[in-house]
Amino acid sequence: MVLASALALGACDRKSAAQAAAVDLPPLKSLAGFPVGTCVQAAQLDDAAFAALVAAQVSQLTAEWEMKMEYIVQDDGSLRFDAPDRIAAFARTHGLRFFGHTLVWYAQSPAAFARLGSGPGFAAAYRDYIHAVVGRYRGQAAGWDVVNEAVAEDGEGWRECLWSQRLGRLEHMTLAFQHAREADPDAVLFLNDYNLENLPKKRATFLKLAEALLKAGAPLGGLGTQTHVAADLKAGELTAALKDLASLGLPIHLSEMDVSLSRAKGLLRDRRELEAGQARVYAEAAEAFSSLPARQRFAFTFWGLRDGESWLKREDARDTPLPFDDAGQAKAAAGAWAAALR
Ligand code: XIL
């Protein structure tokens, strides 16, 4: 009966769907023919209502930031795993798949690495870091974002960063994939990036990079598309992007989805139109992802469940980009997502 009401909601007038404050839905993971994920921070798990929502709704967990170098690598070069271990333990206890995010990211270059110079010590520390982090969750992490956001903002080539400067532009990425594979023979190893829906040029560069990595012998096993999009994303863009990304035949992780109202710059004027746009974008994502060949549907991950926890709140506190409201009630966006699943 609840599923029927979700389907009816998808079919009904968009305006009234967007106005509905809360939607009665079965758990998202029970509706999808693929893993459904969210990100969490360890401290959020102290909130019993949030922890229950996560355990009920999703089948995969990603650490929002506590598995990044910024958290793990200390100034003296030592590594801390308290928060990631907690998230991994929560995943185990609740039978959720665990996903590693992220090993190499241009945005983070800890001092402990920067002061090593560019000799063999740097390459060894890089290898040891990846071995330590991936090895710790070997057998539990189903996959890893090995390299995050490597393509330049405008899609023109690859970013320069500490890792490319010290180890080489393609080489630092190839090495990262190889070291991750040495530490875990089974995890699916991803290249992950954003703005692949709205910037076809960036997507083309991303796909060329994936091909270059494969040619160089990197054990690249999947492509991640973050999908931080806005409520005015043009209809069809997300579908075209997923189809294009799937053309290499690798598994696809829709890895960090949220649909911002505040970042919409287009024709949607008021909140009601923005919420209807948000529901439409979530629906298109569900439909396009479900249409991928089954073996390419690695997971569909929301970058948070409740609006109140969204990282986008820091940019604009009024934004409500996620499928559940602050109280953990499914929004029209969640209803539209559910109704659009094939
Ligand atoms: C963001 C987190 O949501 C924030 O909490 C953190 O402070 C910064 O990173 N692309 C990514 C994610 O790959 O790791 C980012 O997450 C969002 C953009």
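1. The model is predicted.

2. Start with the second largest pocket. Its lining divides into three nonpolar, three polar and three charged residues. Val 229, Ala 230 and Leu 233 are part of that lining, and they count as nonpolar. Asn 195, Asn 198 and His 228 also line this pocket. So do Asp 232, Arg 263 and Lys 265. The space in the second largest pocket is about 220 Å³.

3. The largest pocket has a volume of about 280 Å³. Its lining has 17 residues. Nearest its centre lie Glu 64, Lys 68, Trp 105, Trp 303 and Trp 311. By class, this lining holds five nonpolar, six polar and six charged residues.

4. Where is the ligand? It sits in the largest pocket. Around the ligand are 13 residues, and those that come nearest are Glu 64, Lys 68, His 101, Asn 148 and Glu 256. The shell is made up of three nonpolar, five polar and five charged residues.

5. Glu 64 has a polar side-chain atom 2.5 Å from an oxygen atom of the ligand. For Glu 256, a polar side-chain atom lies 2.8 Å from a ligand oxygen atom. Glu 149 places a polar side-chain atom 3.0 Å from a nitrogen atom of the ligand.

6. On cover: the ligand on its own has 410 Å² of accessible area, and the protein covers 86% of that.

Definitions and conventions. Residues numbered from 1 in each chain as written. Predicted model: local features only at pLDDT ≥ 70, side-chain atom pairs only at ≥ 80, totals over all residues. Heavy atoms only, no water. Near = heavy atom within 4 Å. Polar contact = N/O pair within 3.5 Å; in protein donor to acceptor, adjacent residues only side chain to side chain. Areas by Shrake-Rupley, 256 points an atom, 1.4 Å probe, with all protein chains shown as cover. 1 Å grid on protein atoms, 1.4 Å probe; cavity = no way out; pocket = protein on both sides within 12 Å on 5 of 7 lines; lining within 4 Å. Sits in = over half its atoms within 2 Å of the grid points. Points joined across faces, edges and corners; volume = space filled by probe spheres on them.
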